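Thanks for coming. I have one structure to go through today, and I will keep it short.

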Amino acid sequence: MPDTPALPVIRARGLTKRYGPQRVVDDVSFELTAGETLVLLGPSGCGKTTVLKMLNRLVEPDAGTVEINGQDVRRQRPEELRRGLGYVIQQVGLLPHYSVADNVAVVPRLLGHAPAAIEARTHELLTRLHLPPDEYAGRLPHELSGGQQQRVGLARALAADPPIVLLDEPFGALDPVVRAGIRRDFRELPELRGKTVVLVTHDVAEAFELADRILLLDAGRVQQLGTPRELLLKPANDFVRRFFAAERLALQLRTLTLADVQPFLPTAPPLPALARFHLDTPVQTALEQLTAADPVAAAVGPLMHAFHHALQAASA
Ligand SMILES: Nc1ncnc2c1ncn2[C@@H]1O[C@H](COP(=O)(O)OP(=O)(O)OP(=O)(O)O)[C@@H](O)[C@H]1O
């Protein structure tokens, strides 16, 4: 059978938005297939949130189109469209007089799901997001920390099991340690598996950790759309190169794997210290473990040397 390319779940074409004389989003196009995570990345004010809001019609574009599953979103009523899309807003936006459980249940109730099913789902999501329902389900939002509120926001977006989830800085306003923890929970959440996700962040490490592809914006224009590896190793222009400059080495060590460096490792003598790692292990992980040994494993030197050559080859 011939390979037919999968129909994009989201197709944005030529999206443009003006506020006054300023084009805050300028001719932005991208497509996502089912199960893909696209991260909208860029400096503050570059238009990320505006792009996200054009997907669920919280903002109407001046030009361009959005199709979801092949249907122009303008032909759908905004309320119905939004019920089918999970959405986490930047300010969390929990209803202040509703309990945690009632906040999570808002959309499933609107959709007429059975009360027992809603309760079971709420219970499951809160448990998974480290908010034991016995303790937290009855609390009001102001009785939670910022990080806990963000977890409730995430649970609410996933409660009705939407196939598409839009997330605007879902881990913003958290300190880096808590942020990394929530991100890990998020990545491992079975409820997110198979979902098509568009996530806004200005955090480069976060983008690299979560994205299948990154759309890097500056002043409303697409600077590059590609895998994290493509943006890092084959930057399309100076803006892209500069954007990753401060974290370049850390990103390179996390992005290249032992499979990349293997062709550049010496075969004689072989390096038994590396044999225990999978080929998809990031160079950073291998180095961390090898340098933690006492004495530091002799494989560190050859590994760094091979990393240097792998980097040159991958960037060529
Ligand atoms: N309703 C509005 N009226 C006028 N200008 C707006 C409006 N909404 C956004 N803007 C402007 O559009 C630009 C893009 O805003 P947007 O919120 O999309 O950026 P962002 O990349 O998400 O920024 P941040 O990371 O700071 O949230 C900004 O300059 C902002 O001031």
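First, the ground rules. This is a predicted model, in which local features need pLDDT of at least 70 and side-chain atom pairs count only at pLDDT 80 or more, while totals for chains, interfaces and linings use all residues. Residues are numbered from 1 along each chain as its sequence is written, and side-chain values use heavy atoms, with hydrogens and water left out.

Now the chain. It has 15 helices and 10 strands; these are DSSP runs numbered from the N terminus, with helices being H or I of at least four residues and strands being E of at least two. Along the principal axes, the C-alpha atoms of the protein chain fill a box of roughly 65 × 50 × 45 Å. Of the 316 residues, 48% are buried, meaning under 20% relative accessible area with a 1.4 Å probe, protein chains only. Take the contacts (heavy atoms within 4.5 Å) with a separation of 6 or more: 65% of them are between residues 24 or more positions apart. The protein chain exposes about 15,600 Å², and carbon and sulfur atoms supply 54% of that; accessible areas come from the Shrake-Rupley method with a 1.4 Å probe.

Next, the ligand. Which residues come nearest to it? There are 12 residues around the ligand, and Ser44, Gly45, Lys48, Thr49 and Thr50 come nearest; a residue counts as near if one of its heavy atoms lies within 4 Å. Strand S2 (22-32) and helix H1 (48-55) each supply at least two residues of this shell, and the largest share, three residues, comes from H1. By type, the shell divides into four nonpolar, seven polar and one charged.

Some distances to oxygen atoms of the ligand follow. For a side-chain N or O atom of Thr50 the distance is 2.5 Å. For a polar side-chain atom of Lys48 it is 2.9 Å. Gly47 has a backbone N or O atom 3.0 Å from a ligand oxygen. On its own the ligand has 640 Å² of accessible area, and the protein covers 61% of that.

Last, helix H14, residues 283-292. Val283, Ala286, Leu287 and Leu290 are buried there.

Note on methods:
A polar contact is a pair of N or O atoms within 3.5 Å; within protein, one must be able to donate a hydrogen and the other to accept it, and residues adjacent in sequence count only if both atoms are side-chain atoms. Ala, Val, Leu, Ile, Met, Phe, Trp, Tyr, Cys and Pro count as nonpolar, Asp, Glu, Lys and Arg as charged, and the others, Gly among them, as polar. Buried means under 20% relative accessible area, exposed over 50%, partly exposed in between (1.4 Å probe, protein chains only).
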